[in-house]
Amino acid sequence: MKNEKDIHQHRKDEHLSLAIKYWREGRNQTSGLAFSDLRLIPNTLPELAIDDIDLTTELFGVRFDFPFYIEAVTGGTERTNKINQQFAQVAKNQNLAMAVGSQSIALKFPELASGFKKVREINPNGFLFANLGAGHSLENAKRAVDMISADALEIHVNTAQELPMDEGDRSFYWLENINEVATRLEVPVVVKEVGFGISQKTFRQLSETAISAINVGGNGGTNFAWIERRRGKNGFNIDEFGLSTVESLFEAKFADNKKPLIATGGISCAQDILKSLILGAKMTSSAGFILSVLMESGSEAVEQMLKNWKQDLEKFCVLTGSKSLTELQTVELLYSTNTLNFIQQRK
Ligand SMILES: Cc1cc2nc3c(=O)[nH]c(=O)nc-3n(C[C@H](O)[C@H](O)[C@H](O)COP(=O)(O)O)c2cc1C
């Protein structure tokens with residue numbers, strides 16, 4: 001008989017294997033608007049040079065050189081710890097922020113905390129997000145932050161992941177707890193969807209809380225409903241469920257959201273980053289794509305890709321005539337018919 005720790009660790013490794021498998025098979029395009037539904041309008045006389053471009057962004061009063069970080073990819077097993085440690089080295093070398101995966105396994109089994117702590121040891125001065133689910137107490141949030149001397153906390157909200165999971169949660173009273181943690185924790189708190197997007201209603205609910213930012217975590221990339229359905233036996237099918245990253249960013253606008261936005265979900269090139277920034281994100285991140293590159297080609301390839309993304313983003317800024325990320329927010333886009341349809345229904 002497997003004990004509770006083995007079962008928990010097995011689940012983490014299964015998440016990892018299935019996420020990699022689906023990215024490898026290119027099975028990540030789900031329903032909803034994609035980045036390709038937005039086209040850039042040329043700016044043939046930009047009156048700019050590459051050297052003029054400033055890619056810095058600000059979040060929680062902190063300046064980041066580049067509006068992208070490495071998003072949470074589980075942890076707490078030998079295999080997943082190794083991946084997080086490779087990402088920590090990439091983050092350090094490329095001066096990027098990074099989120100660790102959910103630390104709840106290490107709160108339950110403290111002997112597993114060392115795997116998460118290693119990320120901080122590798123990158124002592126980098127910006128690190130701790131990560132926990134929305135049901136955790138303030139006390140647990142403090143323990144997770146302390147475990148890795150985190151600079152901020154991501155609280156993941158994953159109803160659409162838990163419900164297809166045989167062993168998943170079935171009760172989701174989270175809002176009050178999120179506010180309590182965000183009000184009393186000493187570091188900024190981000191509420192983060194994990195791939196099903198955020199609607200206007202939720203943006204309005206979150207606007208009433210003390211959180212510092214919202215990660216829209218839309219679909220278009222890793223799909224945890226598929227992953228859990230494949231793992232489980234209950235067959236709960238929500239294939240068409242959720243809003244894409246692009247749609248979630250529109251929803252934020254329609255809800256007049258004022259919280260800083262992070263765009264995650266299917267980001268896999270500089271153009272996706274660019275379009276997210278144009279739609280109002282201050283930051284972007286990727287989990288599945290960057291993981292698939294790491295597994296396929298190793299950490300040097302990830303670093304080279306990130307260097308290319310920086311150069312590409314500068315080039316896109318020139319193409320759109322934008323000197324800074326603030327100027328990007330005024331760039332005009334050409335919308336596909338599906339986009340117009342979405343706007344008509346949702347605005
Ligand atoms: C293997 C794997 C494990 C993940 N584990 C976590 C986690 O522990 N905590 C969390 O908040 N998000 C987790 N995520 C979700 C990602 O951080 C991200 O929100 C989601 O995958 C959508 O982004 P993507 O399309 O770039 O993968 C995980 C993603 C992957 C691929």
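Me: How many residues surround the ligand, and which are the closest?
Reply: This is a predicted model, where local features need pLDDT of at least 70, side-chain atom pairs count only at pLDDT 80 or more, and totals for chains, interfaces and linings use all residues. Residues are numbered from 1 along each chain as its sequence is written, and side-chain values use heavy atoms, with hydrogens and water left out. A residue is near a molecule if one of its heavy atoms lies within 4 Å of it. The ligand is surrounded by 23 residues, and the closest are Ala-72, Ser-102, Lys-192, Thr-222 and Gly-288.

Me: How do the residues of the shell around the ligand divide into nonpolar, polar and charged?
Reply: Ala, Val, Leu, Ile, Met, Phe, Trp, Tyr, Cys and Pro count as nonpolar, Asp, Glu, Lys and Arg as charged, and the others, Gly among them, as polar. On that basis the shell holds seven nonpolar, 13 polar and three charged residues.

Me: Which element supplies the largest share of the shell around the ligand?
Reply: Helices (H or I, at least four residues) and strands (E, at least two) are DSSP runs, numbered from the N terminus. α1 (4-24) and β8 (189-193) each supply at least two shell residues. The largest share, three residues, comes from α1.

Me: What is the distance from a polar side-chain atom of Lys-192 to an oxygen atom of the ligand?
Reply: Lys-192 is listed under "binding site" in the unreviewed UniProt entry; such annotations may be inferred rather than shown by experiment. A polar side-chain atom of Lys-192 and an oxygen atom of the ligand are separated by 2.7 Å.

Me: How much of the ligand's accessible area does the protein cover?
Reply: A polar backbone atom of Gly-266 lies 2.8 Å from a ligand oxygen. For Ala-287, a polar backbone atom is 3.0 Å from a ligand oxygen. On its own the ligand has 600 Å² of accessible area (Shrake-Rupley method, 1.4 Å probe). The protein covers 97%.

Me: Is Thr-222 buried or exposed?
Reply: Thr-222 sits in the loop between β9 (213-215) and α9 (224-231). Buried means under 20% relative accessible area, exposed over 50%, partly exposed in between (1.4 Å probe, protein chains only). Thr-222 has 15% relative accessibility, so it counts as buried.

Me: Which residues is Gly-288 in contact with, leaving aside its neighbours within four places in sequence?
Reply: Gly-288 lies in helix α12 (residues 288-297). Gly-288 is buried, at a relative accessible area of 8%. Contact means heavy atoms within 4.5 Å. With those neighbours left aside, the partners of Gly-288 are Trp-23 and Thr-222.

Technical notes
A polar contact is a pair of N or O atoms within 3.5 Å; within protein, one must be able to donate a hydrogen and the other to accept it, and residues adjacent in sequence count only if both atoms are side-chain atoms.
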